[in-house]
Amino acid sequence: MREDLLHFIWRHNKLPKHGLCAGENGNVAIKSTGTQNPYAGPDFFNAQVEINGQLWAGNVEMHIKSSDWYAHHHETDENYDSVILHVVWEDDVAVFRRDGSQIPALELSCYVPEQLLMAYRELMENSKPGFINCEKDFGAIDPFLVESWLHRLYIERLEHKSELILDLLKRSNNDWEAVLFILLAKNFGSKVNGPFFLERAQQLDFSIVRKTSNEPFQLESLLFGHFGLLDERDCTDGYYLHLQKEYDYLSRKYDLPIRSGKPEFFGLRPHNFPTIRVSQLANLYHGRHGLFSELMTDLSLRDVYGIFDVCASSYWHDHFTFGKTSRRSTKKLSRKFIDLLVINTLVPLKFCYAKHLGKDWNEELIALVAEVEKESNSIIANFERLGAKAKNALESQAQLELYTNYCAKNKCLQCRLGTQLLNRNT
């Protein structure tokens, strides 16, 4: 038994209409279940319950056992003084408010229909899915419900991504341009080097990027040095030595700290090597003093592709690493890579900025990300196997949110799809 089932039973009023009893406190009639509270405090606010003929209005708290009230120290918490009913699976001990008054307990194990418990066990325990709990019934879910839930989940995903952005804003004294640079650096690092690039970008005073942005070689040497790509002292490549010399000069000029560590090359395709990505990032910022302002305007996806139409500097046309020549090719940002920047940097940042301005850009952002092609990975492929084929990046991102924060955590009863299935079978 889990508390989320108790919440489901209460929220969807799955209890008998008559015959409920709270022990010595008398008969119980539920007039209103109230509003579920997703935060700290009682589980449901503003419920209305008639107990032994007396109507009570207040909050409802739920536990597997009554004794959990004391395990969670609610008896000393003023937030629980307004609890009018303790809804539990097993009533094993009487509980009291801070003023010593007893709280009536409704023991659900006496009233929950066996059919509901069987359906719950089928969903959560008895099935042995290869992917998600509800996969054998997924195709029977109303497609309109799936689509509307995915749209809500996409906004939820943006809210989760906002947490990093808001933290970076706080650290940078609300410098939106600096935050954009940090996020871009993280995403230019991709999955392998993203955490390292994020850490290093936060350690670099963005004003130095601004000061060197008019000189492409200076900017490139600054970023190569800061991201740990100029630490080899036995490399004889002329371009490398030139960059190293310039970075030594910038280090003294701007009093840059000496840091250890370097990005990974192992397991990456050459076009995703950190050398290529850092050069592309430097060229993106060359001559640009208001990239954030430029990106916050009303842009089409074509406009975005134009802004990010940059390539690595000429040295990298026939190199992937320092000192080793390769077949000549222009190392431009691919459309697929720009799509990832739109998904992981541009749209989340615009979402946060709109909130900062007190505006609602959700429709515009949804329209923009809906133009982007869906991502390709095993999770998206598995949803497609179940009949939920993502049409664009909005739906693929929503599917990732669904799997990561609901399916993989067994939060089926907090998911609209799971609750529909349980409601349908009871």
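Author: Strand 2 (residues 27-32) and strand 4 (residues 44-51) run antiparallel and are joined by four bridges. Helices (H or I, at least four residues) and strands (E, at least two) are DSSP runs, numbered from the N terminus, and two strands pair if DSSP finds at least two bridges between them. The model is a predicted one, in which local features need pLDDT of at least 70, side-chain atom pairs count only at pLDDT 80 or more, and totals for chains, interfaces and linings use all residues. Residues are numbered from 1 along each chain as its sequence is written, and side-chain values use heavy atoms, with hydrogens and water left out.

Within the pairing of strand 2 and strand 4, Ser32 stands opposite Gln48 of strand 4. Strand 4 also pairs with strand 3 (residues 35-36), again in an antiparallel manner, through two bridges. Here Thr35 has Phe45 of strand 4 as its bridge partner.

A further partner of strand 4 is strand 5 (residues 54-65); six bridges connect them, and the sense is antiparallel. Ala47, for example, has Gly58 in strand 5 as its bridge partner. Strand 4 and strand 5 form a hairpin with two residues between the strands, and in this hairpin Asn52 takes a positive phi near 55°.

Taken together, strand 4 is joined to strand 2 by four bridges, to strand 3 by two and to strand 5 by six.
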